[in-house]
Amino acid sequence: MSTTAPAPGKPATDERLLKTSPLKKFLGRPELGSVVGAVAVFLFFAVVADSFLRAASLATVLYAASTIGIMAVPVALLMIGGEFDLSAGVMVTTSALISSMFSYQMTANVWVGVGVSLLATLAIGVFNGVMLIRTDPPSFIITLGTFLMLTGMNLGFTKLISGTVSTKSISDMEGFSSAKDVFASTITIGDVDFKITIVWWLAMIAVATWILLRTRAGNWIFAVGGGEQAARAVGVPVGRTKIGLYMGVAFGAWVSGQHLLFNYDVVQSGEGVGNELIYIIAAVIGGCLITGGYGSAVGAAVGALIFGMTSKGIVYAEWNPDWFKFFLGAMLLLATLLNAWVRKRAEATK
Amino acid sequence: MRTARTAAALIAVVALAAGCSSSGGKDDESDGGSGGGGKAVDTPRLKIAMVTHSGEGDTFWDIVQNGAKEAAKKDNVEFLYSNDKEGKGQAELVQTAIDKKVDGIVVTLAKPEAMKSVLGKARAAGIPVVTINSGAEFSARFGALSHIGQDESVAGEAVGDELTGRGKKKALCVIHEQGNVSLEQRCAGVKKTFGGAVENLNVDGTNAPGAQSSISAKLQATKGIDAVVTLGAPIAAVSVKAKEDAGSEAEIDTFDLNAEVVKRLKADEVGFAVDQQPYLQGYLAIDELWLYRTNANVLGGGKPVLTGPAVVTRKDVPKLEKYTARGTR
């Protein structure tokens, strides 16, 4: 990444002491390619879709991007740390179901359910992490197990407790409106309505970037993902780092889950299956390597933005809906290719 | 494991310190009572398997099962339910029912070709079959006794008529599962009888925020949409949100019912719903097999028995509320 071979003809100083110009630093960032891809997708839809550039439309796109991005950011951190979480999609639904059903069954203030849900969801993250470091199988298999178990538990418990496949409405309970303000409200700027999920998304990006670039934990994450044995040898607490990363994903699932609950009042127990892939896709478009050790939180957020712009842009462009998935796939592939090309060029100019 | 213990302790503390809600919740529940009951008949115990193409956690199939269970209780029937979205998986489940030597099989024919040979085996084994929900045209051909369901095209046409009657000009048909034949048939039916224009939109039904933003995007992009037709009850609630986001005046109308839709009908956020009475599909299928086994009765006279469409509006809400809450409508 930042390692640069000394240019021929210059006196050979220690490469680690080389000064890099801010421009070069920027060109070396993992998110650069995805930013270029995002700009390209934006310009494309600005040209082909009449209604895409309106402020209200952009607010819709940002909402779509934020609901993916809230999860894509912690998922990206986990991937930088070299692991996957296939349970991330249904965990969102689990988290929403817990708050809803706990509040309802206990006739408790909604915030109590929200708190219990946070602890329970973090516990699922801890479970994933502990299982991973205590046993042999790769995270792909372990979280696949969690994914299937959560899918079954979501349906099983909901039917057992509520009698139907969705939860009962908690919109008339105490604490609902304040919780709705926090997780599912709308902020009006000018005459455009922005969803509060955008704020959560930005906050997740800021915190994740700070952790990655400014803290010791951030170094640990890169080290663990770059080479686990080497990291362990130099004293990085590999187990704690990974458990922490899974808890980060769980926290994201909690935020998304609370949005799901407070936006719709009731939760459908079958939701969320398949979304885990979208989070991983967003992280990869944003420059995360599937092999770990490389990537950024901003990149994952931009990946989510590309996904949001593409999936809604196709609707704004009013293309034939039968071909929606094809266009989505083709656009994402093009954005990713552009991303890879830009990164290669950037590395070549170093 | 310190983290886990701390978490457990925290949960306990939070739960103890819990403020209670003085409104809503379980304490506020009035006893709806579950209908039916009564003593079972004294015919011999039968075993009937139902195998559907349902995905996980679908309200609709939950209601079908509730109907089937109620009939099973009354008819002294042991009711076995299983489901698989994939045609091949569904056929395997039917095979396991044949292996178990059940006294009757209820199946859906969403993927008719996949079911053809296994239903032949059921017939060869002398097990009577009743088909429900979709696939009416294949039912008799595959040797089923009766078909109990809704004709999707007819249901779509009913929606088209209702929309025309309400003076709508441009409708959006939201397909929440791309490539599902019966959903396409519904939209095609709407198109056939509706006086105005119909546009289709594909959304991902298992991702509510994603579906919501897609529907608002469509409402923002296409001017003049004055009706949004959703093909499943959960998507109706999502569309209500999308409409608010887009600042649209469109009326939300939907296929199928659930408690949430009834609430929104009452609040005037949903114009009308077309119910295909899934409870009846489950109940009648079990009852028909019991009647056949105990009295050789056959329902329908070779024609499908239709359970819908029934148009439900705000004025039907009072009598429906308690039934949707207990999951039978």
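Predicted model: local features only at pLDDT ≥ 70, side-chain atom pairs only at ≥ 80, totals over all residues.
Let me start with A217(B), which counts as buried because 32 C-beta neighbours lie inside 10 Å of it; the cut-offs are that a residue is buried if 20 or more other C-beta atoms lie within 10 Å of its own, exposed if 12 or fewer, and partly exposed in between, with C-beta atoms placed from the backbone. Residues are numbered from 1 along each chain as its sequence is written, and chains are lettered from A, and ligands numbered from 1, in the order in which they are written.

A217(B) lies in helix α8 (residues 208-221) of chain B, where helices (H or I, at least four residues) and strands (E, at least two) are DSSP runs numbered from the N terminus. Leaving out residues up to four places away in sequence, A217(B) touches S57(A), T60(A), K312(A), V315(A) and Y316(A), contact meaning that the C-beta atoms, placed from the backbone, lie within 7 Å.

That brings me to the interface, in which 56 residues of chain A are in contact with 46 residues of chain B. On the chain A side, at least two residues each are supplied by several helices, among them α3 (55-80), α5 (110-134) and α13 (297-316), and the largest share, eight residues, comes from α5(A). By class, this side of chain A has 25 nonpolar, 23 polar and eight charged residues, where Ala, Val, Leu, Ile, Met, Phe, Trp, Tyr, Cys and Pro count as nonpolar, Asp, Glu, Lys and Arg as charged, and the others, Gly among them, as polar.

Turning to the nonpolar cores, each is a set of buried Ala, Val, Leu, Ile, Met, Phe, Trp, Tyr and Cys residues joined through C-beta atoms within 7 Å. The largest has 156 residues, and those with the most contacts inside it are A72(A) and V75(A), while α3(A) gives the most to this core, with 17 residues. A second, separate core of 42 residues includes F79(B), V94(B), V118(B) and L280(B).

Within chain B, the domain assignment, which is automatic or from a database, gives domain 1 (2-150 + 276-308) and domain 2 (152-275). Eight residues of domain 1 of chain B are in contact with nine residues of domain 2 of chain B, and the domain 1 side of that contact divides into two nonpolar, six polar and no charged residues.

What order do the six strands of the open sheet in chain B follow? The order is β2-β1-β3-β4-β5-β11, with parallel pairing, and two strands pair if DSSP finds at least two bridges between them. Strand β1 (residues 46-52) of chain B is joined to β2(B) by seven bridges, and M50(B) stands opposite Y81(B) in β2(B).

Finally, strand β10 (residues 270-275) of chain B is largely enclosed by the rest of the structure, because six of its six residues are buried. With strand β9 (residues 251-255) of chain B, β10(B) pairs in the parallel sense over three bridges, and T254(B) stands opposite A273(B). To strand β12 (residues 310-312) of chain B, β10(B) is joined by three bridges in the antiparallel sense, with A273(B) standing opposite V312(B).

Terms used. Contact = placed C-beta atoms within 7 Å.
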